[in-house]
Every structure is written in C-alpha cells, then in structure tokens.
Amino acid sequence: MTTTTSDAITAPADDQSLAVSQGMWGAGPGDVSGFGGQRHPVWRQQPTPRPYGGWFDAAVDRLAELVEGLDPDGASLAHGELTIPVPKELLLAVARAARDDPALRFEVCVSVSGVHYPDDPGRELRSVYHLLSITHNRRLRLEVAAGQDDPKIPSVTAVYPMADWHERETWDMFGIEYTGHPGLTRILMPDDWAGHPQRKDYPLGGVPIEFKGAQAPPPDQRRSY
Amino acid sequence: MSVVSKSPADPPDGPAEAVVVTVGESAAVAVEAETTAESAPTPVDRTLPDEAAPVEALVLGAVEEAGDGPAAVTQYLNQYVASGGDWDEVVAAQRERGDETFVVNMGPQHPSTHGVLRLELELEGETVSSIRPAIGFLHSGIEKSMEYKSFAQGSVFATRMDYVAPMFNEVVYCLAVEKLLDLEVPPRADVLRVLVMELNRIASHLVAIGTGGMEIGALTVMTIGFREREMILDFFEALCGTRMNHAYVRPGGVSIDLPESGLSQLRTVIEWLHKHLPEYAGFCNQNPIFKGRMQGVAQLDLTACMALGVSGPPLRAAGYPWDLRQDQPYCGYQDYDFDVITWDTADAYGRFRVRQQEMWESLRIVEQCYDKLESSVGQPVMVDDPRFAWPGDLTVGPDGQGNSLAHVKQIMGSSMEALIQHFKTVTEGFHVPGGQVYQAVESSKGELGCHLVSDGGSRPYRVHFRDPGFNHLQAVPALCEGGMMSDVVVAVASLDPVLGGVDR
C-alpha cells in the first residue's frame, strides 16, 4: 500500500516536503496488524527543471518577457499541466499579459480556488487560478501565495470579470482578501458567519455519535490515515 | 415573498436608505443598505428610534401591534421598511403611494428558481431595473467533507453535488484522481462511463427543457420530459442499483459491469428515445407561445459569454462551437462520431434548440456505446491493480448487490493476505502521490472542473469543483436587467442551474 520506507517515514520537513503527516493506521515493515503508525511526508510543489517541452517553454518565456520580475524558472510541470507561482504584486500584470498577448491569449479564468497549507509559514494561503485559452486550446495554472497574517491578494476581476464569484467563494472559505474586488462578501456561508470553514485549522464542530453503550467521536477526532 | 415599499413621507430627493427585512420561518434577517444616486452626502442616521427595540420590531405586524403604524416608523427613520404580508394589502399600500418601485425577493423557496436560489429584484413597474442572485442555501460542505474521506469514498460525495447530472460529477472527480495516479482505466470502463454520461446528458437536458417549459405554462413538456427521463433512470437503477446518488464511477473504472439484461434494456431505452424525442420538436419548435416567450429573451452574445466565463449550451447558442468532448477529449471521446451543435440567436430559444439537438447527438453516442459494449462483453471494468481496485468483484446475488461469493470464499477460507488486502483497501484506502491537477469535462450544463490536491496521503488534501451553474448564475444580471419580470424565469431556466452543484 504505502511505499514509504522507515527512513522516509522519520524524515522531518525539508525542501521536498512541508511536514510529516501522522496517522494511526498503516503497514510499517513487518506489521500485519494495520496499526503500524503510518506517516508520510506532505507534498511540496517543486520547480521543474527546463526544458518543459511542448508549448510550455515558449509561453513561460513570453510571460517572463512581458512581466518584469517574474521568475522564468519557477514553474512546475506535472501530469501535463503547468503551474506558475506568481508573486502577488505581479499577479495583475501576469493576468493581463496572459489574457492580451496574442501568443498567450488565456481569455477565460475558468476557476479560482484556494488551498490552505498551514505548514508553510508565511505562505499558508494559496489562490489558484485556472486559465483557459480557447484560441490556442491550452490551460495554465497560476498560484499566488499569501501569509495567514496578511491574507491580501489583488483581485483579478478587472482583468477577468468571471472571477467575481469565485473570489467571493475563496474569501468565504479561506479568508483571502482580494483587494480591489467590487463586492467581497460571503457567498456560500451566511453573512454573519465567523471564520473560514475550508481552512485546515477550522474546527469541524462535530458531535459524538451515540450508540448503545459506545460513542463514536466527531470526524476530526477519529482515526486518521 | 417580501416587499420593500417607499414611504410617502420620504422627501423626493433626500437621502434614501433602504432596509430590507426578510421574514421567513427562520426569522433570518437580511439587511441591505442602498443609497440613491442623487442623494446628498448627508450622513444617514441608522439608529433605531428606541435603541432597545430589536430589529424584529421593524416587521410590519409587530409595529402595528405596538399601535404605531409603519408609516410613522418609516418617517422617523427615513427608511424603507419591508416585510412579508398579504399581497393585496401590499398592493393597496403601493397604489396609494403611486410610485412604481418595488423590491421583490424571488425565492429561495420559489418553484421557478430550480431549487433554492434567491433573486433580489428591483422592479420599475414590470421592468427589472436590478437583479442580484444570492446563493448558498444548499451549501453542504461537500468539498470539506471529502477531505476527511478516502479517495474511493470521494465518488460518493461528488455524485451528490449536481444531482440532476450526477455522472459527470463522478467522472470528473475520478479522472482527476486517475490523473494524479497516472492510471489508465480499461477500455470497457471508458465505454461505460461515456454511456452513463451521455444518457445522463439526455436526462439532464430533458429536465432543463421540461421544467423550462413548465415555467412558461407548457406543462405537457414537463410531463413527457420526466417520462423519458424515467426510462433512463430505470436503466441506471438496473445498472448500479440507484436512480440517483449512484457512486457508479470509481477511481480505476466503474463499480459494476452491465447486468445480464443490460444490453437488451439499453436497446429498449434507445428505441424509446428514438420514438419520443421527436415529440419535443413537434410540441415546441414552432409553437407560437413558446417562441413568443423565448425568442429574443435573455440574450447573451459571444462577447458577454467570454467576459462572464459562460460555457456549455449558452455559449454554443451564441454560435461558438466549444465542446470539451471534442476540443480536449477524455474517456475516449475522440473515438465517437458526433457533432457539436450551435445556434446563432444567443437567446433562450437558441439554448432550448441546442439542448434539443444535443439529445440527438447524445443518442448517437449511446448507440455507438451499445456496439462497443456488445463487442467487449466479459472484458474488465476496473483496473487490474489490487492497489487501487475496489476488492470484491461486486455482483448481484439473490439478496442484492454485494461481494461475489467466490471472493468471500477466497478471503475467508484460503488467503489471509487477500483478507488483509481487502481490509486495508476498504479502511485505509490507496495513497495518491502528492501533486495538483485540474480536470474538466463537458457536463450537460457546461465546463465542470475539478481541482484536486493530494499531499501524498490516502485522502484528498483539497478538492474544489468548478460547477458551470455557479459561473452561469453570475450572468443573471446581464440576462435580466432591463427586461420584463416575466422573463426572469425564462432566463434562469435557460441557464439550467442546479443549486446542489452551485452551492456544493
């Protein structure tokens, strides 16, 4: 099942991983009980060495040429999808260049979603933009990081009007403040809700389930893998 | 339904402050402040007359009980007070005032909002001067819940999002998991996926056309639409045991092969659809009422579609042949012969015609699936890798669907290792290498996307679904403002949002 060896299991967080996830179950060496104490390093995105192949190199070079300060070697390619980490102060310039340049032409920001990495200090919150070029039939992903203490990222609604509700949802769920958004209000949760439910540290607030003579704990306190 | 009415006591050009108090069973109170354009920058006093008075006191009934009268309150506050109430009284009060501005809450329990969508309309007479959709009433935390379940269990959650087109949810989620695993599913599983997706597309379009017709008074379209849909749901039930919430598509393949009578039942469905699909064209296409209600209504041209990220039938009705099945094929769609349907009017009628034609194209694909299934009987429908495949070879026995007897005999009688493997796969689940992917499929409503992040564990680190309805509802103001109130239901129906998917 798990491919981690005992060495890898005990490895602390490093450049390759964010942390070590610990769980109760798993097959350690020689263990058939299922209670081996499974652990795995938490994935951290790594830049892919050049060349990427396909249209990716030209697109990244063009973007770095148009936007001063964008690291042309920071992108990561996996599963045929390119992710470009963008510093938040460059986001609007990158989005505008990606939309307007004839060689790029990412007309549509299909989706904005947030991810929370509590183990990545100073970069806990990520805003992920999935761009689509209908002209060239390509997809591109931009990833912008913000710290939990200063969760501000410029809004791309001026460039991509369709991102309006997506940014509202990401604000609602992760608490990323999109500066310049025309009306950043909660969209899925009630207006007076406290907290941002999709963050990893948000309490689930479950109640124990009672059985005859036994109790099952709330989901966040049950066994974890 | 609640209404905001303007008080006669308000000075005509003074600062106007609107407080909309929606009274429902839950006594939820929504407050919205709005200032007229010409209003002077005088600060508006928002304090209540009596600081101790609760907000509920502003509810019309409560004020009247206090012997005060709503006019007095509004005069004092220089505010609009809204509440529910008897419609005749509201209209009478409005007639006395003689102004034409109404704020109406349509939904969230309105039957024409396809679930629990709330539309805040500001009306000038019968013309919509502003409309704001409000969502979230069906938010069920599916994305969050999936983070606490194994990858195989995710399919069970995903299917519950857009419950009118559940197969697309399952497929997009499973494709994302398989992309992270670099897993290829057997060809027969792909054919079965295409089959259920296309049948589901027909069923979903039937609901869109049927309920859309019902909302403009064409009840027959709805009744016959659900009749055909029933045939498809019966097939799904025979296939996987459930009419909705299937969890049929699993990472690595599908849960179970066609039953013995599956092909003949599929043939019955195909013949039934061939016989009955022409009825929709006969009933609607040239129907003067149908055309009068839909033609030129809720227009959204290609520029607006691009600006608002609109996809699916509304985009194709604007004339752009964008279909992920052909442009970015998945599940082997490149091996099927079908056309992308477009229309050139960019209105509600165009979207109806696109959906209607797409049902025929889907039927073409279903027939091709039939041939492929006929020639691949007995081939596996789940990947041949015990690490990922759900153990147990599901079969239908005399007491229903369950693990096959041979499998139970093996794990209980002869192989302890197989028992452990079964136990581990079911409880812990398989591990997915760390990474993030975005997978999109062309659902019946547009681009359905899944952004999946794995940290290397056996549960998703983050799943986000991009539902087409969520995006399309953003376009409602562009579709409705300046139009007639009666066209609002036509506009919303032409987008075909399903709030289970929108809110997740």
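Author: A definition is needed to begin: two strands pair if DSSP finds at least two bridges between them. Note also that this is a predicted model.

Reader: In what order do the strands of the open sheet of 3 strands in chain B run?
Author: The pairing in this sheet is antiparallel. β11 and β13 of chain B each have a single partner strand, so they stand at the edges and one side of each lacks a neighbour in the sheet. Neighbouring strands are turned by 15° against each other on average, direction ignored. The order is β11-β12-β13.

Reader: Which residue is the bridge partner of B:E442?
Author: β11(B) and β12(B) pair in the antiparallel sense, over 9 bridges. The partner of B:E442 lies in β12(B), and this residue is B:E447.

Reader: Which helix packs on that sheet, touching β11 and β12 of chain B?
Author: The direction of the helix makes about 150° with that of β11(B).

Reader: Which element gives the largest share of the side of chain B that touches chain A?
Author: In the contact between the chains, 47 residues of chain B meet 40 residues of chain A. Elements giving two or more residues to the chain B side include α6 (166-181), α17 (416-427), β11 (435-443) and β13 (462-466) of chain B. By class, that side has 14 nonpolar, 20 polar and 13 charged residues. The largest share, 5 residues, comes from β12(B).

Reader: How confident is the predictor in the complex, and what ipTM does it give?
Author: For chain B the mean pLDDT is 80, and 82% of the residues reach 70 or more. For the complex, the pTM is 0.81 and the ipTM is 0.85.

Reader: What share of the residues in chain B is buried?
Author: Chain B has 21 helices and 13 strands. Of its contacts with a separation of 6 or more, 68% are between residues 24 or more positions apart. Out of 504 residues, the buried share is 50%.

Reader: Why do the buried residues of helix α2 of chain A fall on the same side of it, and what arc do they cover?
Author: The helix spans residues 56-66, and its buried residues are A:F56, A:A59, A:V60 and A:L63. An α-helix has 3.6 residues a turn, so residues three or four places apart point the same way. The buried residues pack against β3 (76-78), β4 (81-85) and α3 (91-100) of chain A. They are on the same side of α2(A) because the arc they cover around the axis is only 95°.

Reader: Which residue in β7(A) stands opposite A:P85?
Author: Chain A has an open sheet of 5 strands with mixed pairing, in the order β3-β4-β7-β6-β5. β3 and β5 (108-116) of chain A are the edge strands, each pairing on one side only. Within the sheet, β4(A) and β7 (residues 138-146) of chain A pair in the parallel sense over 3 bridges. Opposite A:P85 stands A:E143.

Key:
Residues are numbered from 1 along each chain as its sequence is written. Chains are lettered from A and ligands numbered from 1 in the order in which they are written. This is a predicted model: local features need pLDDT of at least 70, side-chain atom pairs count only at pLDDT 80 or more; totals for chains, interfaces and linings use all residues. Two residues are in contact if their C-beta atoms, placed from the backbone, lie within 7 Å. Helices (H or I, at least four residues) and strands (E, at least two) are DSSP runs, numbered from the N terminus. Ala, Val, Leu, Ile, Met, Phe, Trp, Tyr, Cys and Pro count as nonpolar, Asp, Glu, Lys and Arg as charged, and the others, Gly among them, as polar. A residue is buried if 20 or more other C-beta atoms lie within 10 Å of its own, exposed if 12 or fewer, and partly exposed in between; C-beta atoms are placed from the backbone. The arc is that of the directions from the helix axis to the C-beta atoms. Axes are lines fitted to C-alpha atoms, for helices over the stretch in contact, and angles run from 0 to 180 degrees between N-to-C directions. pLDDT is the predictor's confidence in each residue, from 0 to 100.
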